[in-house]
Amino acid sequence: MVRDAEMNAEEDKKLSELVAARNQADGMVHSVKKSLAEFGEKIGADEKAKIEAAMAEVELVLKDHSDDKEKIEAATATLTEASHKLAEQMYAQPTDGAAAGAAAGAGPEAEAKKDDGNVVDAEFTEVKDK
């Protein structure tokens, strides 16, 4: 039994890595599609075409080579590289005041840090109705 587990451990590890690569690729496609829909007009047509081609390549690899981890990772890396311009535009031009505040470092975390001096330590007693 232990020998079977040891023999299958390498295969299980490879399968786990393949699943992780597929999930990462699928998540990247989903994320880039969403970002492209929201910020695609802020990048040039050439960049947009490169991103769309890279997304199509990832989708094709996931469909046709679903068990080839290296191809999946290579296609995902290409999509990541192609989407850098889109990411730059997303972070360079905030869409609303909250995003502008977050980009300037004044997000909710910064506000919480400002209020740290007003922390009150309190004790409580649970009261049960009789």
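Reply: Start with Ser-35, which touches Gly-40, Leu-86 and Met-90, with residues up to four places away in sequence not counted. Contact here means heavy atoms within 4.5 Å. Ser-35 lies in helix α1. The model is predicted: local features need pLDDT of at least 70, side-chain atom pairs count only at pLDDT 80 or more, and totals for chains, interfaces and linings use all residues. Residues are numbered from 1 along each chain as its sequence is written, and side-chain values use heavy atoms, with hydrogens and water left out.

Me: Why does Ser-35 count as buried?

Reply: Its relative accessibility is 12%. Buried means under 20% relative accessible area, exposed means over 50%, and partly exposed lies in between (1.4 Å probe, protein chains only). Ser-35 therefore counts as buried.

Me: What is the relative accessible area of Ser-83, and what is Ser-83 called on that basis?

Reply: The value is 8%, so Ser-83 is buried. Ser-83 lies in the loop between α3 (69-82) and α4 (84-92). Leaving aside neighbours within four places in sequence, Ser-83 is in contact with Met-28, Val-32 and Ile-51.

Me: Why is Ser-66 called partly exposed?

Reply: Ser-66 has a relative accessible area of 29%, and is therefore partly exposed. This serine lies in the loop between α2 and α3. Residues up to four places away in sequence aside, Ser-66 touches Leu-18, Arg-22, Val-61 and Ile-72.

Me: What makes α1 roughly antiparallel to α2?

Reply: Helix α1 (residues 2-39) and helix α2 (residues 45-64) pack at an angle of about 150°, and their axes are 10 Å apart. That angle makes α1 roughly antiparallel to α2. Angles under 35 degrees count as roughly parallel, over 145 as roughly antiparallel, 65 to 115 as roughly perpendicular and the rest as oblique. The axes are lines fitted to C-alpha atoms, for helices over the stretch in contact, and angles run from 0 to 180 degrees between N-to-C directions.

Me: Which residues make that contact, and how do they divide by class?

Reply: α1 contributes Arg-22, Ala-25, Asp-26, Val-29, Val-32, Lys-33 and Leu-36, while α2 contributes Lys-48, Ile-51, Glu-52, Met-55, Val-58, Glu-59 and Leu-62. They divide into eight nonpolar, no polar and six charged. Ala, Val, Leu, Ile, Met, Phe, Trp, Tyr, Cys and Pro count as nonpolar, Asp, Glu, Lys and Arg as charged, and the others, Gly among them, as polar.

Me: How do you know whether α2 and α3 are roughly parallel or antiparallel?

Reply: Their axes cross at roughly 165° and come within 9 Å. α2 and α3 are therefore roughly antiparallel to each other. The contact of α2 with α3 has 10 nonpolar, two polar and four charged residues.

Me: What is the direction of α1 relative to α3?

Reply: The axes of α1 and α3 cross at roughly 25° and come within 9 Å. That makes α1 roughly parallel to α3. Among the residues that meet are Leu-18, Ala-21 and Met-28 in α1 and Lys-69, Ile-72 and Leu-79 in α3. By class, this contact has eight nonpolar, three polar and four charged residues.

Me: Which way does α1 cross α3, left-handed or right-handed?

Reply: α1 passes α3 in a left-handed crossing. A crossing is left-handed if the near helix is turned anticlockwise from the far one by less than a right angle, and right-handed if clockwise. The crossing of α2 and α3 is left-handed, and α1 passes α2 in a left-handed crossing.

Me: What does Lys-69 contact?

Reply: Neighbours within four places in sequence aside, Lys-69 is in contact with Glu-17, Leu-18 and Ala-21. Lys-69 is found in helix α3.

Terms used: Helix = DSSP H or I, 4+ residues; strand = E, 2+ residues; numbered from the N terminus.
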